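Welcome! Take a moment to look over the chain, and then we will walk through a few of its features together.

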Amino acid sequence: GQAQIALVAVDPRSGDILAYIGGRSYGQSQFNRPVNARRQPGSVFKPFVYLAAFEAAAADGRTDVTPATLVNDEQSTFAFDEEGWTPRNYEDEYDGIITLRRALAQSRNVATVRAAELAGFERVAGLWKRFGSSMAPKPYPSIALGVFEATPMEIAAAYTVFAGGGEVHPLRAIARLESGGDELPLGAAAPARIARADTTFLVTSMLRSVINEGTAASARGMGFSHDAAGKTGTTNDLRDAWFVGFTPELLTVVWVGFDDNQPVTLSGSQAALPIWTRFMMAALAGRPNASFTAPSGV
């Protein structure tokens with residue numbers, strides 16, 4: 001069969017939904033995947049692990065947890081509730097001692113669990129809960145690898161925290177309402193402060209490395225030249241392929257998979273990233289190349 005797709009593009013500065021694709025063909029299926037498809041986010045959740053680590057360090061007054069912090073990326077067993085869990089890196093590639101920046105750029109699983117240990121699994125789960133997701137993940141080591149469920153819309157809304165400097169902008173599909181020529185109030189939800197501006201910028205800087213030299217570098221090979229940050233995502237058995245990427249003015253989420261959860265047999269960089277790249281190149285054609293601005297103190 002043919003894999004399905006969900007795409008949501010938003011203005012991260014306002015939460016306005018600018019483009020929205022619910023599936024391959026509405027004539028074949030009316031299932032609204034961005035809102036109703038609950039899928040494992042996999043590695044697109046990893047940026048929130050690093051955000052939790054930076055937030056925890058800032059709250060504790062520590063200055064030794066940065067994108068340059070070193071962790072050990074070797075196959076390890078993590079104990080929790082008297083049980084052992086041994087995650088593996090994609091294609092069993094391990095880097096040994098590695099910076100957090102490289103760990104995220106190359107989407108290393110073991111190093112990301114180490115970052116979750118720095119934050120504390122409770123803090124990682126608590127941070128995600130603040131985004132208002134309808135499903136709160138358990139504070140187990142596997143949370144670091146996105147082993148829970150979320151919708152593409154929830155992922156899009158959560159990622160606005162990075163372009164928004166720590167503020168999440170609720171997504172909206174309606175710009176205004178009019179009745180008899182008079183504009184009616186929408187009662188739109190206000191942005192919510194979730195994290196610090198400096199910690200979110202550190203993660204955004206790391207996500208730029210994903211596109212410039214990491215798992216999403218093929219976007220540059222396809223001709224995408226705007227300054228951007230993003231993250232590939234692939235779940236167990238290649239069942240879900242994700243890419244989430246953004247510039248300061250446009251954020252787009254792409255998911256590719258089968259409704260019956262059969263393996264799509266492609267990674268996020270193979271299935272979702274080319275779609276994201278072609279869409280972003282068309283959407284940003286003729287637009288100035290805006291850069292991410294560092295807040296004070298970074």
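Buried means under 20% relative accessible area, exposed means over 50%, and partly exposed lies in between, using a 1.4 Å probe and protein chains only. At 33% relative accessibility, leucine 186 therefore counts as partly exposed. This is a predicted model, in which local features need pLDDT of at least 70 and side-chain atom pairs count only at pLDDT 80 or more, while totals for chains, interfaces and linings use all residues. Residues are numbered from 1 along each chain as its sequence is written, and side-chain values use heavy atoms, with hydrogens and water left out.

**A nonpolar patch on the surface**

- Leucine 186 sits in the loop between strand 9 (182-184) and strand 10 (192-193); helices (H or I, at least four residues) and strands (E, at least two) are DSSP runs, numbered from the N terminus.
- Together with Ile174, Leu177 and Leu184, Leu186 forms a nonpolar surface patch with about 300 Å² of accessible area.
- Patches are made of residues with over 30% relative accessible area and no salt bridge, joining like charges within 9 Å and nonpolar side chains (Val, Leu, Ile, Met, Phe, Trp, Tyr) within 5 Å.
- Accessible areas come from the Shrake-Rupley method with a 1.4 Å probe, and for residues only the protein chains shown count as cover.

- How many of the 12 residues of helix 6 are buried? The count is 11, so the helix is mostly covered.
- Among the buried residues of helix 6 are Met153, Ile155, Tyr159 and Phe162.
- The expected span of a helix is 1.5 Å times one less than its number of residues, so helix 6 (residues 152-163) should span 16 Å, and the 17 Å between its end C-alpha atoms agrees.
- After helix 6 comes glycine 165, with a positive phi near 65°.
- In the largest nonpolar core, which has 85 residues, Phe48 and Tyr159 have the most contacts. Helix 2 (residues 46-59) gives the most to this core, with nine residues.
- A nonpolar core is a set of buried Ala, Val, Leu, Ile, Met, Phe, Trp, Tyr and Cys residues joined through side-chain atoms within 4.5 Å.
- Beyond its neighbours within four places in sequence, tyrosine 159 is in contact (heavy atoms within 4.5 Å) with residues including Val44, Phe48, Leu207 and Phe246.

**A buried proline**

- Leaving aside neighbours within four places in sequence, proline 137 is in contact with Ala125, Trp128, Ile143 and Phe148.

**Salt bridges**

- The whole structure holds 18 salt bridges, each a side-chain nitrogen of Lys or Arg within 4 Å of a carboxyl oxygen of Asp or Glu.
- Arginine 172 and aspartate 16 meet in one of them, at 2.4 Å from N to O. This pair links distant parts of the chain, 156 residues apart.
- Aspartate 259 and arginine 33 also meet in a salt bridge (2.7 Å, N to O). Their positions are 226 residues apart, with arginine 33 in helix 1 (residues 33-36).
- Arginine 33 is buried, because its relative accessible area is 0%, whereas aspartate 259 counts as partly exposed at 43%.
- Glu93, Asp95, Arg102 and Arg108 are linked in a network of salt bridges.
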